[in-house]
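Please look over the sequence and the model shown here before reading on.

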Amino acid sequence: MDFTLSKEQQMARQLFRDFAVKEVEPLAREIDEEHRFPDETVEKMHKYGFMGIPFSKEYGGQGCDTLTYVLAVEELSRVCGTTGVIVSAHTSLAAGAIDSKGTAEQKEKYLRALNTDKLGAFALTEPDAGTDAGSQRTTAVSDGDEYVLNGSKIFITNAGPADIYVVFAMTDASQGTRGISAFIVEKGRPGFDFGLAEKKMGIHGSSTRELIFTDCRIPRENLLGREGKGFGLAMGTLDGGRIGIAAQAVGIAQGALDKTIAYVKERKQFGRAISKFQNTQFQLANMATEIESARYLTYLAAEKKDTGERYSYEAAMAKLKASRTANYVSSLAVQLHGGYGYIQDYDVERMMRDAKITEIYEGTSEVMQMVISGSLLG
Amino acid sequence: MAYKGVFTFAEQIDGVLTNVSYELIGKARDLAKDLDEDVTAVLLGEKISHLAPELIAGGADRVLYLDRAELKVYRTEPYTQAMTYVIEEYKPEILLIGATALGRDLGPRLAARVHTGLTADCTALEIDPENKELRMTRPAFGGNLMATILCADHRPQMATVRPGVMVREVADPERAGEIIQLDFKPEKNDCYVTVEEIAKKIGQHVDITEADVLVAGGRGVGGAEGFAILQELADVLGGEMAASRAVVDAGWQAKERQVGQTGKTVRPGLYFAVGISGAIQHLAGMEEAEYIVAINKNPDAAIFSVADVGIVGDLFEIVPKLIAALKKEI
Amino acid sequence: MKIIVCIKQVPDTNEVRINPETGTLMREGVPSIMNPDDKAALEAALRIKDASGARVIGLSMGPRQAEDVLREALAMGADECYLLTDRAFGGADTWATSSTLAAAIKQIGCDLVLTGRQAIDGDTAQVGPGIAEHLGMPNLSYAEDIRIDGSDVIVRQQYDDSIYTVRAAMPALVTVLSELNEPRYMTPGGIFDAYREKELTVWGRDDIEIEDENIGLKGSPTRVAKSFPKSVKAPGMTINEGADESVQFIVDKLKEKYIL
């Protein structure tokens, strides 16, 4: 059991860290304050292959392993939770779904585009279908050599800036979850519109919008996988997405810890740096320990995924642990900053606001517990 | 024939001798005294013979010059051939070259051609009293350390010296010396290049190494506009404005104003370091200033360790008030 | 077209600190990086490759761990790399270093050699021109722009107060300023290729044709007699008062020192 990163992975981590510090960190506060999607960052990340890390070179991907992708999301999230989720939703969910069940033609057309210059999004959630993802109301009716989509999706990450959407819809309501199918829908398709951007607690730079389908016609060949197999595809893809979110959460937590360590060394009260007080020291120890355990669970899930074996259990544990850790650490980070932690000039309040969503999206912590206990109880 | 004599390379651009050429002679005189030898300046160019007496007045005992059309504009190969000829004919013990862009191009090529050692950017040169070898001291490791270098078994011992480091002699027009015109023709070969164009750098030509007062700004100034008050302070004191590397990299000031390891070395009588943190690379370029005043918001800035006067505060509050106070005094 | 880029692994001298108690250099824990001027040279080579096709070959002389910067070069897009490493090369000054690199370049063969202007640890800017001399090539220093025109290279050289535009027939050597360009990042796929797909050849003393008298410490005309920390100037007075008091303090001190 080798717990060290390979030379390639170490070099990749350094690359992601350098990029994050130089290109992403300077914008983090600004995009949060202005609720601005960082187009320029996404363009740079596409240019340097950060948007297609775990996919085959055959379709323009970088040909790396899942762990290398996790390192990217972790390092980006360390300085900007928004940038981390943009990459994660695009890679694990949108590109991941197409990589998993796409035909060669679909991969050539869509996966290549996602790997090299287009942004993707994954649209499963509906107003009445959150944790109960099977209750899809969006319909896709077969009509000649087209499908016609009607319905709406909410809380879709990257909605708006993304060009390529993996959309789930009911092709046969009588079959329940076995009547759900997956489709690839391009932005600009007539009948495909966006609702207003949601105003969120955190990850303000991430574009979260509603998708509205009104008699939206798409070509038959945009069916992804087989009719009726969409739910299975969604669940399988979300397993991979959970590893991405776990990585985002680990990154946010680490970023919060880094800021706090720097702060407590400088802040003086009662004639000395507050890092000299045992309470501060003990809290930092706890934070670091939680982060390290969340990190290794995440790396474990990433490695397991690449073996080809089932990894839902490990992925759920990683996300459950990492998201709890991100919330615990970032909240404590604000506390250790005292009054300054509440002020927007200090990044920890943003990190705390960003952390919360990791316990909710791509499967709530409750769902993670369902998956884990389901496995335990057989 | 034994190697003898302290030689310097006299750099001229467009028929004007650069200041470092005189500084080298100043230092060469000290070395020659310790060796009981003479100072020879070597001058290359076209129609430059009128510069020879200036070099004698500057302290050279002898000037060797070569006047050829192909030497009008500096090119590595013909200059290297000419200097190789001088070395082979005259066998100098020591050869000093200014560490200008030209000197740092010519020096290494020449040293390699005659297979001798070259020590770059020397800040101190001395003759070892026991074995009469040249001891060359220079900053190393990015300016974090000093190193003393020897070239024991090869001749000439070659060194480049940065402008503004050595001190020139007071010119003495009465000095007597020998002026010899050399007869050597550089030969065209594969190493010849064609100079297609020479463009003078745009913008006011500022030589911060000549200023006695410098007001230098760093990242703390925040942007190009902030430098206006530094320029005003420099004007009030009759000095020049300078900049740290970060400022030049950010495009707020021109490279010719850069002080530091990869910029210029300066030794003004008064140096203001405003909004400059004091990284080693910067200190390397200015710590020999006579009097240093530092202004910085950060009480832990490294610049305060070399400043004679350190002010912790906001430069945008302090500098305007300082300008007003100085105007009253001057 | 074959381009060889000479690359040096250096300690990040920007990160070096002086031990406040002993006044000595704290070298441990200082990260090693690709020399910035060399990175710019590599970027220049890669841009020529992007524009008109070329084979870009990285070359370094150093201890075994210098392999890291060559892997980085491969990850950025170099096609193959050579590492010259041997105890016999150790202790080399710029003559011995340039001789050794020139011998390797002669063996590999190329149209253009690109090097950085100077290394941030040695700061001599001598190795590039030295290599050119050993190979009998023209050297064009301080390039702020490089263009290929048929079998010629055209360089804009940054002299102290002028810019020279100079043309030379290849093979030629150009030394590059880090201001020349903004080097590209590696790509994750490039990193994997650097370790798994691309060739990195390690050469020892016996793999190149060179005389003993031109390598290593014994082949160096110059040597370091001693190195020592700079004498620390005693700090003067630092005050943290209001603006008016500060200004008065400065004026008083300047008068005291007869500067005013």
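The sections below go from the basis of the model to its chains, its interfaces and some local details.

## Basis of the report

This is a predicted model, in which local features need pLDDT of at least 70 and side-chain atom pairs count only at pLDDT 80 or more, while totals for chains, interfaces and linings use all residues. Residues are numbered from 1 along each chain as its sequence is written, and chains are lettered from A and ligands numbered from 1 in the order in which they are written.

## Chain A as a whole

Chain A has 10 helices and 10 strands, where helices (H or I, at least four residues) and strands (E, at least two) are DSSP runs numbered from the N terminus. The C-alpha trace of chain A spans about 80 × 45 × 40 Å along its principal axes. A compact globule of 378 residues would have a radius of gyration near 21 Å, and the 21 Å of chain A agrees with this; the radius is taken over C-alpha atoms, and the globule rule is 2.2 Å times the number of residues to the power 0.38.

Of the 378 residues in chain A, 54% are buried, a residue being buried if 20 or more other C-beta atoms lie within 10 Å of its own, exposed if 12 or fewer, and partly exposed in between, with C-beta atoms placed from the backbone. Two residues are in contact if their C-beta atoms, placed from the backbone, lie within 7 Å. Among contacts in chain A between residues at least 6 apart in sequence, 74% join residues at least 24 apart.

Helix α2 of chain A covers residues 39-47, and its buried residues are Thr41(A), Val42(A) and Met45(A). Seen down the axis of α2(A), these buried residues fall within an arc of 100°, so they line one face of the helix; the arc is that of the directions from the helix axis to the C-beta atoms. The buried residues of α2(A) pack against α1 (7-34) and α4 (81-101) of chain A, whereas the face turned away from the buried side carries the exposed residues Asp39(A), Glu40(A) and Glu43(A). After α2(A) comes Gly49(A), whose phi is positive, near 80°.

The domain assignment of chain B gives domain 1 (6-181) and domain 2 (208-329), with bounds that come from an automatic or database domain assignment. The centres of domain 1 and domain 2 of chain B, taken over C-alpha atoms, are separated by 32 Å. Nine residues of domain 1 of chain B are in contact with 10 residues of domain 2 of chain B.

In strand β4 of chain B (residues 39-45), seven of the seven residues are buried. Val39(B), Ala41(B), Leu43(B) and Gly45(B) point one way from β4(B), while Thr40(B), Val42(B) and Leu44(B) point the other way. Strand β1 (residues 6-10) of chain B pairs with β4(B) in the parallel sense over five bridges, and Val6(B) stands opposite Val39(B); strands count as paired if DSSP finds at least two bridges between them. β4(B) also pairs in the parallel sense with strand β5 (residues 62-67) of chain B, over six bridges, and there Leu64(B) is the bridge partner of Val42(B).

## How the chains meet

Among the two pairs of chains that touch, the most contacts are between chains B and C. This contact takes 64 residues from chain C and 70 residues from chain B. The side of chain C that touches chain B divides into 30 nonpolar, 20 polar and 14 charged residues, where Ala, Val, Leu, Ile, Met, Phe, Trp, Tyr, Cys and Pro count as nonpolar, Asp, Glu, Lys and Arg as charged, and the others, Gly among them, as polar. Strand β10 (residues 145-150) of chain B and β14(C) pair in the antiparallel sense over five bridges, with Arg223(C) as the bridge partner of Leu150(B).

Between chains C and A, 10 residues of chain C are in contact with 14 residues of chain A. The largest share of the side of chain C that touches chain A, five residues, comes from α5(C). Chain A and chain B do not touch, and their nearest C-alpha atoms are 11 Å apart.

## Backbone details

The peptide bond from Arg155(B) to Pro156(B) is cis, with omega near -5°, and the bond from Met170(C) to Pro171(C) is cis, with omega near 10°.
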